[in-house]
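Open your viewer and get a selection tool ready. We will take a short walk, one selection at a time.

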Number of protein chains: 2
Amino acid sequence: MLRLIALTTVLSISSPTYAAAVQGEEQSDYRSVILIIGDGFDDQHVTMGRNYLAGHDGQLVLDGLPVRAAVQVQTVGKTAPWQYVADSANTATTLATGVTTHMGRVGTGTDDQDLVTVLQLASAAGFKTGIVSSSSITDATPASFVAHVSSRGCENPDIILGGELYGNEYEGCPQDATGNGGPGSIAEQILSSPVDVALGGGLKHFTVADPRTGRAVLDALDPSTVTAVTDRRALLSADSSGRLLGLFAEGHLPVRLQGTDGRVAEEPDTSMLNSLDWRLGSVTQPEPMDCVPNPDYGDTPSLALLTEVALARLSLNNDRGLFLMVESASIDKQSHKRNPCGSIGEIAQLEEVLAVALDHAESHPETLVIVTADHAQAAQIVPEPSLYAEIPVPIYSPGYVARVNMPDGGLMTINYATSSFPSEEHTGANVPLFANTTADGRITAFMRQREIYDAMAMFLGLLP
Amino acid sequence: MLRLIALTTVLSISSPTYAAAVQGEEQSDYRSVILIIGDGFDDQHVTMGRNYLAGHDGQLVLDGLPVRAAVQVQTVGKTAPWQYVADSANTATTLATGVTTHMGRVGTGTDDQDLVTVLQLASAAGFKTGIVSSSSITDATPASFVAHVSSRGCENPDIILGGELYGNEYEGCPQDATGNGGPGSIAEQILSSPVDVALGGGLKHFTVADPRTGRAVLDALDPSTVTAVTDRRALLSADSSGRLLGLFAEGHLPVRLQGTDGRVAEEPDTSMLNSLDWRLGSVTQPEPMDCVPNPDYGDTPSLALLTEVALARLSLNNDRGLFLMVESASIDKQSHKRNPCGSIGEIAQLEEVLAVALDHAESHPETLVIVTADHAQAAQIVPEPSLYAEIPVPIYSPGYVARVNMPDGGLMTINYATSSFPSEEHTGANVPLFANTTADGRITAFMRQREIYDAMAMFLGLLP
């Protein structure tokens, strides 16, 4: 954070009445936006999910949505006008604020200024608001709707001061720390934000001590205004009044599916002779794998259950409407790990969330439901067998390959081949957007990511 | 070919009048379909093209089209219900006939039956018809609209009998040879088909001698009914009466752009130490390249010029309408060769074709313009620098990498990493579809490829 754009300044030019007049339409008393983000959910992943979950000739719930668009994903470059591949922090910031920015930034612009988010605008205008994610609730995507820090790693009051992160030295965001007059780490900003419901993982970020005070974020929680829960039973029995913070894992929520014996994509095994001349020798492809339940998933509440609870609470005694962001975060995280079954299970979770959202829209017609991805990701469906299988030389995919047994008896082969590092890279394709009929006339066939913010904020009457 | 479904049988159940009655709409006297196929033109390639040609914050002509859909690409498996990655033969066959089939098939079903194409139906119903491609006009995509053979390689009367193809033994399609009572090779079927205009490359397939008769396909051409041209000047001065066959290269037409000094994507150069341990040593990335004119392009007529000529001829003295398929073929062919500049130049050609088609639709309002891809392809836009660039280990892409200098000063990095073979594989993502307002109510947000055939044939009143 460098400077704060006062929320009141923004609101003064954007009253709902003015917006309705400008749009020439009758402003309903109650309108809602449910934004569902599939992290890394590009067209390769959508097709992987469709092939596995609905069958190659079937269709997903999202395929039934009447509105579809392509969304250009944009990242401001530090040395060139643009970078062509994004991360979840800058893209979620753009979705949340309508402003393009640098990679790694959460709710902050390229000059480190704090950007007002659609959730904050909605909250100030009387809408109930919520964030739900299968990641730590402090992770980049949910964080960008409620918090403002210069770097996505600043999730708690310890790491914000810098130190070691993922085994590397990390500068943190010291200027954002409360001790330095800043708004605090992401966990602190979630607690101090107006968000009515925040459900996901990330308990560790709320329990780690601030090295300056010795106190954790949860120590500052006032139970008369915020209910905190950490398991399914407590979630379902939580008092319906006040704000709700649900943290169901120390870090990201466990995923639903994994490969046989925990296997992920593997390198094809080439013979010594092949390493000397690509035309010679032989190659052994990885054995096919099944997608099976992840034993670590246990009693984790599903993303659909979290969404149901959020919508029920946010709808209660509400005559204004709501803004809810739900992220299926581990489509991307499992793709980084080269685990197609992991991603497929989280696509199934996204589908269930969409079904819950569409149910809500049935009973609340002025609900805009949008599904989109933040950026494209590494997985590619490749031919099984190779297009060149009849040519008598060993042929295989560079990088890593997983061959997934399909429910209908087929074999779908996925390659991950963007990086020599143990984690795959994102990619730069435009991403899909799916929306319900409420989007007619608001979503065009081609959009930049910042225009999704515009569409949501205008629908809620928050922008002229 | 195994058996021929009589065209008259199909037509007897699908008169335009009946179709109009079923659709409850007034049947215009004049309606046209222009189908533009970008071969391999998936969302990675669309975005590559947009970033380079329009700028990262710009938009392509196709981005201005109001209708966008995702299209599931389907291939019937030989040992499983489905294969998840297609080729241009089976997908063009599906677009042309509405039937899903095996890879490699041209206008034939899984039992080798000949399938009636939308072009053949249109021609029989009085529409003028054309095929235009930057490939050999006998290549899989254009061929599938007019010809019927069991295997895409059967382009001429020599190879149809089998022999050596691309250095490998090839069985050909002997049952389709005229000497065996079949309809002949693709070149022969194009000449004997009713298609009014066929423009592209592939002269060699019309001049090679049939080993049984010693005669080439062009020897059978009757100049009183078909004008054959082989260069731009003859194209522009051709008699406007009768059919037109234009063959402007021996094989595929040369492409417009190439990388500096003809460079394509290259393998990152890793040090010896790095080959022993991925965390050690160093890596040298390929030098950036510019996209520059291909010196071999010469006086080749552009795909847009071929489209203009085709539309002008097909519109002449025509009160019924037209069906025209135009393929930008080498988006895919250059992607197989790991040549991003080559693909980008052919995306530019597709954009110009679309502009010509939209101009035509301006003056002929009942024109359905559809742009789509046949299948996804290998290129991926990857981060520059890596997402993990701050970690002090050498990080690079598997496979091949090209770093393209952008007109605005940026650097776009593309990887090709699907195959150890000298040619990349196709991939399995659903592909985009773009259409003009005429498509409203005819194109839904999610379609299978066969349903594009349905939409085109119904629009022309060829199907009930």
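Angles under 35 degrees count as roughly parallel, over 145 as roughly antiparallel, 65 to 115 as roughly perpendicular and the rest as oblique. This is a predicted model, in which local features need pLDDT of at least 70 and side-chain atom pairs count only at pLDDT 80 or more, while totals for chains, interfaces and linings use all residues. Residues are numbered from 1 along each chain as its sequence is written, and chains are lettered from A and ligands numbered from 1 in the order in which they are written.

**Stop one: a helix pair.** Select residues 88–97 and 449–459 of chain A, helices α4 and α14 (helices are DSSP runs of H or I, at least four residues; strands are runs of E, at least two; both are numbered from the N terminus). Their axes come within 6 Å and cross at roughly 30° (axes are lines fitted to C-alpha atoms, for helices over the stretch in contact, and angles run from 0 to 180 degrees between N-to-C directions). α4(A) and α14(A) are therefore roughly parallel to each other.

Now show side chains: A:T91, A:T94, A:L95, A:A96 and A:T97 meet A:Q449, A:R450, A:I452 and A:Y453 (contact means C-beta atoms, placed from the backbone, within 7 Å).

**Stop two: chain B.** Select α4(B), residues 88–97: ten of its ten residues are buried (20 or more other C-beta atoms within 10 Å of a residue's own, with C-beta atoms placed from the backbone). These buried residues pack against β3, α5, α6, α12 and α14 of chain B. Just after α4(B), click B:G98, which takes a positive phi of about 80°.

Note on methods: Two residues are in contact if their C-beta atoms, placed from the backbone, lie within 7 Å. A residue is buried if 20 or more other C-beta atoms lie within 10 Å of its own, exposed if 12 or fewer, and partly exposed in between; C-beta atoms are placed from the backbone.
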